[in-house]
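Subject: Structure handover and notes

Hello,

Here is the structure we talked about. Please open it and keep it in view while you read the notes under it.

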Amino acid sequence: MKLNRRRFERTFRWVLFALGCTLIFFLPVPQWIKIAMIPLFGLVALQAWDLNRVPVIVFHSISNDGDWIREPSIVVSVKTFSAQIKWLSKFGYKGIFFDDLYNIRKNRNRRAGKKIVIAFDDGYLDNWVGAFHVLEKYNMKATVFVSTDWIDKCEILRLRIPHAKPSELGWKGYLGPGEIKALQESSLVDIQSHGTSHDHIFVSDQVIGFVTPQNTPHTLFCYLNPELKPEWFRHEINLPLGYPLFPLGEALSDRIFYPDPKLITRLVDEAGRPGFFNQSDWDERLDNIVRQFNKTNQKVGITESQDHAKKRWRDELVQSRKILENLTGKPVRHLVWPRDKSNSFVEKMALESGYLSTTRSPGHHNNSGTPAQVERISIVGTGYPALDVARVLLEVWTFKGCYIFWPVLFLLQRITNPLVLRYGKA
Ligand SMILES: [Zn+2]
């Protein structure tokens, strides 16, 4: 049966290639362009209809009450998630872990069949409260990537579906140690690393704005108050008014820019005056302070040295593994870069410090590519279950090389992307 399918895939590629070449022949373009297009089309045909390719799809929050999350497009309702997993299951997809994916790709296994890797980033509590039951129901394996600074201190297991009434469920927050252990012990969920800090850091000395009563970034609040990370949403986002804002990067791949504390004090003192933000020229006044400070001191802050950054990156890579391995009692060997940002240096460092694979996104890896780099398909929520289910199936099929679905997926993406944005603003 499998041999027939392989033969069918091969025949399909040849037919596609022949059709493509015929089409190219009739194109009203110069002869040399036609000749150049033939190998190009051959490459596309070679990639087509590879049902053994293993897609990796990534979710974040699966929640019936995700309003507290500042990026609502990463929230998918339990009903939608359940329908997505149900349909993947109906089409015969079996969930595997990152270790399995690594082995399939390392051994260049061309007979992986209908396997799928399901990932959750960040370690939201709702992965336990809402998603876990769906995984149990369809016996679907998944991997949760946890950032260790964000692990909740709550030791007891919170109530989850189906063991509680809807009104008793708490959706906000992050997984605690008990829930992480329970998920790992279920053998249905594997816990892997998403670094320790997941910090958004300043990376350049260009002031791009200031904290105002209307602009209080919660990522800056978490960076300045690391002990409050797992419960930031329970606090008022109290940031010093006038605090300068700089372009942002990722703690695990960029060097940190530290603004001069004296500059911060001057700006905060000025912005703290009564009625300061009622003045029409408040931003000019703050800009002037920055300009004056820069003139006198030649700089508005310092960037950490390359050596300091290297040590910080290595500590974060090693620490997150250690913490999760102590918690779960099993090896942690796969890493998702926070916000998918990395560089060739930290990628090398991750492999040296014991990780087998790290992720790159978004993209379409294949089984014969390097097993150390995994590309993932991000699943976003539109708030419309039917569209979300269609999109996940089309993403998976297109990934597997059924390019016949690509035009439909393209259309659906055009339709759903504005919905994601609108939903995001709601
Ligand atoms: Zn993340």
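The notes below go through the metal site, the cores, the aromatic rings and the record annotations.

This is a predicted model, in which local features need pLDDT of at least 70 and side-chain atom pairs count only at pLDDT 80 or more, while totals for chains, interfaces and linings use all residues. Residues are numbered from 1 along each chain as its sequence is written, and side-chain values use heavy atoms, with hydrogens and water left out.

Metal site

The zinc ion is coordinated by D122 through OD and by H194 and H198 through NE2, at 2.1 to 2.2 Å. Donors here are N, O and S atoms within 2.8 Å of the metal (3.2 Å for Na, K and Ca); water is not among the atoms, so sites may look incomplete. Along the chain the donors follow the spacing D-x71-H-x3-H. D122 lies in strand β5 (residues 115–122) and H198 in the loop between β7 (189–193) and β8 (200–202), so this pair ties together parts that are 76 residues apart in sequence. Helices (H or I, at least four residues) and strands (E, at least two) are DSSP runs, numbered from the N terminus. Both D122 and H198 are buried, where buried means under 20% relative accessible area, exposed over 50%, and partly exposed in between (1.4 Å probe, protein chains only).

Cores

A nonpolar core is a set of buried Ala, Val, Leu, Ile, Met, Phe, Trp, Tyr and Cys residues joined through side-chain atoms within 4.5 Å. The largest one has 61 residues, of which I57, F59, F81, L88, I118 and F120 touch the most other members. Helix α12 (residues 385–399) gives the most to this core, with 7 residues. A second, separate core of 33 residues includes W68, V211, F221 and L286.

Q84 is in helix α3 (residues 78–90) and is buried, at 0% relative accessibility. Leaving out residues up to four places away in sequence, Q84 touches F59, V76, I379, D388, V389 and V392; contact means heavy atoms within 4.5 Å.

Aromatic rings

Rings of Phe, Tyr and Trp (its six-membered ring) pair if their centres lie within 6.5 Å; planes under 30 degrees apart count as stacked, over 60 as edge-to-face and the rest as tilted. By this rule there are 22 aromatic pairs. W68 and Y174 form an edge-to-face pair, 5.7 Å centre to centre with 90 degrees between the planes. The rings of W68 and W232 have their centres 5.9 Å apart and their planes at 40 degrees, so that pair is tilted. W68 and W232 are 164 residues apart, in the loop between β2 and β3 and the loop between α7 (218–224) and β10 (244–245). W68 is buried at 8% relative accessible area, and W232 is buried at 5%. One aromatic cluster is formed by W68, Y124, W150, Y174, W232 and F233.

Annotations

UniProt positions are given in the numbering used here, feature names are shortened, and annotations may be inferred rather than shown by experiment. The unreviewed UniProt entry annotates residues 111–201 as "domain: NodB homology". Over residues 111–201 the chain is 23% helix and 22% strand, with the end C-alpha atoms 43 Å apart. The unreviewed entry also annotates residues 12–33 as "transmembrane region". Over residues 12–33 the chain is 77% helix and 0% strand, with the end C-alpha atoms 25 Å apart.

Regards
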